[in-house]
Each structure stands twice: as C-alpha cells, then as structure tokens.
Amino acid sequence: MSESSASSAHYSGINDHKIFISYAKEDRNLAQKIFLEFNNHGFQPWMDKPPAPFHYLGIKVGQDWRERIEEEIKTSRFFVALITPRSSSKLGFIQREFRTALDIMNDLPQDHIYFVPIVFENAEVPNLKVGFISLRDKQFILYEDYGVDPVVVAFREEIGENKIPIPTASSRLEEKKDRQYNRSSIYVPPFRGDTSIKWESAIGIFSWRNKPKIHKEVIITGTAGEAINNRDEKSGLYVLSKKDGAVLDYLLTERDCNELEVSEDFAYFGTDGGDFFCYDIVKGILKYCISLGEQIHCKPVILDEIVIVISNVGSVFIVEKEYGKILNSEKSGYKFRSNILYISKEYKHFLLVSEDGTLINVDFSEGIKFQMLLKIMMPDYFATYGASPVEVFSDPKILYGKSNWDSIVIAYCRSTTYDFPPLCIIDIGKKDGKLSLRRPTSDPAYFDYGNIRADMIYYKDKLYMPLSYSNIVIGVAPNSLEIQSVISVGDDMFQQWSGLAINSEGIGVIPRNDGYIYQIDMNEEKVLAQIYLMNDRYKGETGERARASSVVDLRNKWKVCFYSTPAIEDKFCYVGTADGRICAVELSKKPK
C-alpha cells in the first residue's frame, strides 16, 4: 500500500479536529485542564472522564471501556500523550494506548503529525517502540515552558488551517446566533420614556445570587435561565459592554449560575449543578471547570494560590487556583447560605455562619477542621414566646472596635414568631477570644414583620438594611443595634432579597418589588428618584403581602421581582430584573 493510500485509509471519515488525550488516572485534573485548553482553541478533545460541562462525551455507565477507548483512538485525528512522573513509569492500559497509537503511525507517512508527547515536570519519555516507530523519536514539548500553543499551531498546519485564527469571543458569539444571545437581544422597549435608563440587555432570569460585577469596561453577571434549579439553555455567565450593554461573550453552564468573584481578570463561580468554574474574562475562554457534586450558592474566596469554595450542604473545598485541582475537602454537617465573613491568610482559618445561626471557625492549616464557637439563642425570648428557628441568608458583618472587643453583626429570618428582633451581636474579646451574645436595645416594633434577607451595608457609622414585608430601610448603630433612622421606599410588599448599594458620592440605590429602583441621598436619608424598570402593563401591581403568597407567585403573577443587589459606580448602577434583563441606570443627585 502506498503512503498516500495508507494515510487516506486512516483519515477516512475522521474529524480533523478530534484529539485523543492519553493520561494516567493520577493526572486526571491535569488532563481535564488540557482538555479545556484544546477545546478553547476550537478542537474537539476526547478523554474517558472529561470535565464539566462535557461529561456527556465520556464513557457511559455500562459501556465496555476498553473497546470505547480503542475506538476513540482509531477515530481521532491526533493523539496527545501526557508524560508525567506518574505516567512515564506506569504499567497497564496507558501503555496499551501508547502502543495502539504508535501502531497507527506505522501506516502513516513519516512527515505526518499524529502522536505528540507533552512533558510535565521534566518527566522522562518512556522507551517504547512499535514496529519502526519509537516514542522517543517524537519531538515533545515542555508544558511549563510553552503550554499547548505550539501543539495547536502544528495541528492547524497539519490539517491546512494555518491561516485560520484562533476563535475570539466575538467570533464565537457570531457562531451562536441561532440561540439568540447576540447583539439583536439588546433593545430599548417602546414603552420606555425615562432618559435615566442608558441601556438594557435581555439575557436570562436573575436570581438571588446574581449580583452584577463591574470589571474595567465590562459588566459580568450570572443568570438562572428559564427555570430556577432546573436544566435550561440560558443559565450561564455573561460578559456585557459597560458602554451599551452589548453581549461580548457568554458561557453556558446548564444549571443556575450563582454568586461570582473576580480576581486578576478571572471570574470564579459555582452553579446549582455542583460545578465550579474559572473563566478568563480577557481571552473569553473557560480556564477550568471541576465537578464538586454539591450545590454552590456562596461566593468563593480567592487567595494567592488557592480558592475556598463553600457548598450549600456544608462542604468546604480547597481548590488549587491555577489548575483547579481539589487539594482538600471536608463536610461540616451544617448548611450555608451566607458568605465567609472573615479570613486569616496568615493563620489559615476563617469564620462562617451557618443557615441555622451557628458561628463556626474553619481551620485549613492542616486538613480542614471545624469548631462550633456559638449558636444564636435568645433564652429570655424563647421562654416567653417559644423557640423560633432562625435562617441566615444575609452576609454577617464583622466590625473592628477601638476597645478590647471586635463584633460580628448577624441578621436573620425568624420562622415562627416575630417577637424578637432579627439582629444580634456576637462580641469577640481581642485578648482572650471570649464570645458573648447581645440583642438590640431598640424597641422591636419596627421588626414585627421585618425579616432580613438582603445584605447589610456599612456607611458613616451606621449599618443599613432593607426589611422584608415592609417599605423601609433602617439604619442601626453598630454597637447597640439601636434603630437610628428609617427611610421609606415604596409600599409594603413581599420578601426583599435585593440589598442597598452605595457609591462614593453617598448615593444609594435599592430595587423593590413594585418594579421601581429607588435612589437615596444617604447623607440626608431622603429618596431622590424612583425609576420604573418593568413593562407598563405591570405598573401598580406591587406584589403586596395580601396579594402574593410566595416568591413563585410574585414571579409568575406580577413579574416585578428583583433578587440581586445592584452594582454601583459614581454615575451609573447596573441591576438585573427577574424577567431576564440587566439595566444601566443613570444616577441623579436632584429630587424628581
């Protein structure tokens, strides 16, 4: 058989972009990272256990894994071997994979590129030979020095795509027109007459943990798709132009995308499906995705070399920042809906408050250890009114005092009785670490229906927070929690999940479930303006307590919900509506 006929026989019906990744099971996290890098370059990599959200490409339950691997090797255009200290000396099936690929090379022309070793940690290339082909004769690359870029260039030249550029965010967006996430989804509805609205973009449904992030010249946010906690086609991360709201790029995640953190041009976030993502904002590519298997609402904490991820069901994961490898994990036995309130990088511990109001210290210096410090209890109230479970959704605030005490303020929801305030203080002795619990000194009348779900914000010696089942934002003294100011915004209404955001000029904004976003002069504690963000046909349908029995009722019947706290800067704020829009609103300093 001639060289050309042998070549055409192997490549007949083969996808030119398919790459088989061979690795030792000990290097799975590394292989998944390489998988994502090739995928981001427009190739179609294959491995037996690919990273999320590509699980469906791997070997399925009940399949003969040996036969499937053999088939994938023979139907791949390229074969990439990850050579590490683990794989180079390992016996077993990985050697069979190498031999199968080398055997295929015996039937290919000598100048054809098919088998490429990528070497990690200066590992030695195995002395393996099949027929006339020796593995050590193949030019390898050192990943730590070059990454996969030389391999991508070689593969593109091999298949005649040397003049085709690597896909960019804009070109990927153009390819996704059929899903209608392109520029045509940006619109200004005809009913909009308010010049305060600079732009709005329709991208998906916003939920509780989808606060937009301002990063340089873009807005980054997550959406929940068409159904909360269900698989859908719109859930994901979206990058929007701060100038006009144009969708610059997006990453679909299958399940609800929750609270995110941005660090050094990377966005880190978890989903309801239990996947954790690291996304490169500048390049518009997924750096890595790991499956943690547990719903993740809380915002991750980004440190120098690690990322700390907290799941809803109480697991703590320590993840390698660069490659996404899970370094450690442990279950606490608690549930978490609020974010980490304090962390010490020097002593490697942090504080959390569980959903049931338990203050927990987490030590991650050696492994992960949990220590229960204190549980919120109100014995005098409980004796009179009976025990009422609490639920903590709002992020606690730690206040550093000038005296011998620091304090933690915790806001919560009360489940069965409202005869005690939804706030408390835990004092921490600076010298002895002693903990003590205090309740507000205020008359709790304002708290009769006022559960606190939204986050608190500190401004000019007061803690501000909106109350559910009311129309007020209160300001309390941090040390006593005594109510010092009350700001009325709109009408009484159902649950308030959106928090107050305040910029450097002292202008605050808060969305309410009557469809308005309210601007407040925080220095005068007066409402400056109210801007209607919903469709006119919903105007006046405020979703008051008597008219809406649940969040679902609010969403489905009135469609005037806001769940996320706005992002704010000096001249504009950015807010997501429950019907799937994000709006840029110009801030005003004059009453309207």
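The legends below describe several close-up views of a predicted model.

View 1. Strands of a sheet pair through backbone hydrogen bonds, either parallel or antiparallel.

**View 2. The loop between strand 13 and strand 14, with Asp265.** Asp265 lies in the loop that runs between strand 13 and strand 14, the latter spanning 266-271. The phi of Asp265 is near 70°, which is a positive value in a residue other than glycine. Most residues other than glycine have a negative phi.

**View 3. The largest cavity and the residues around it.** By the rule applied to this model, the count comes to one cavity of 30 Å³ or more, and the largest cavity has a volume of about 40 Å³. Its lining consists of Asn29, Gln32, Lys33, Leu36, Pro51, Tyr288, Cys289, Ile290, Tyr323 and Gly324. Helix 2 (28-40) and strand 16 (285-291) each supply at least two residues of this lining, and the largest share, four residues, comes from helix 2. Sorted by class, the lining of the largest cavity has six nonpolar, three polar and one charged residues.

View 4. About 610 Å³ of space lies in the second largest pocket. This pocket is lined by 32 residues, and those closest to its centre are Lys299, Asn339, Asp395, Lys397 and Asp455. At least two residues of the lining are supplied by each of strand 13 (257-263), strand 17 (301-302), strand 26 (397-399) and strand 35 (501-502). By class, the lining of the second largest pocket has 17 nonpolar, five polar and ten charged residues.

View 5. Strand 11 (residues 236-241) and strand 12 (residues 247-252) run antiparallel and are joined by five bridges.

**View 6. The open sheet in the order 8-41-40-39.** Another open sheet of four strands has the order 8-41-40-39, with antiparallel pairing. Strand 8 (197-202) and strand 39 (567-568) stand at its edges, and each has a single partner strand, so one side of each is left without a neighbour in the sheet. Strand 40 (residues 572-576) and strand 41 (residues 581-586) run antiparallel and are joined by five bridges, and Gly576 stands opposite Ile582 in strand 41.

**View 7. The crossing of helix 3 and helix 4.** The axes of helix 3 (residues 65-74) and helix 4 (residues 93-105) come within 10 Å of each other and cross at roughly 30°. Because angles under 35 degrees count as roughly parallel, helix 3 is roughly parallel to helix 4. The crossing of these two helices is right-handed.

**View 8. The loop between strand 31 and strand 32, with Asp461.** Asp461 has its place in the loop between strand 31 (457-459) and strand 32 (462-466). Although Asp461 is not a glycine, this residue has a positive phi of about 70°.

Key:
Residues numbered from 1 in each chain as written. Predicted model: local features only at pLDDT ≥ 70, side-chain atom pairs only at ≥ 80, totals over all residues. Heavy atoms only, no water. Pairing = 2+ DSSP bridges. 1 Å grid on protein atoms, 1.4 Å probe; cavity = no way out; pocket = protein on both sides within 12 Å on 5 of 7 lines; lining within 4 Å. Points joined across faces, edges and corners; volume = space filled by probe spheres on them. Nonpolar A, V, L, I, M, F, W, Y, C, P; charged D, E, K, R; others polar. Axes fitted to C-alpha atoms, helices over the stretch in contact; angles between N-to-C directions. Parallel < 35°, antiparallel > 145°, perpendicular 65-115°, else oblique. Left-handed = near helix turned anticlockwise from the far one by under 90°.
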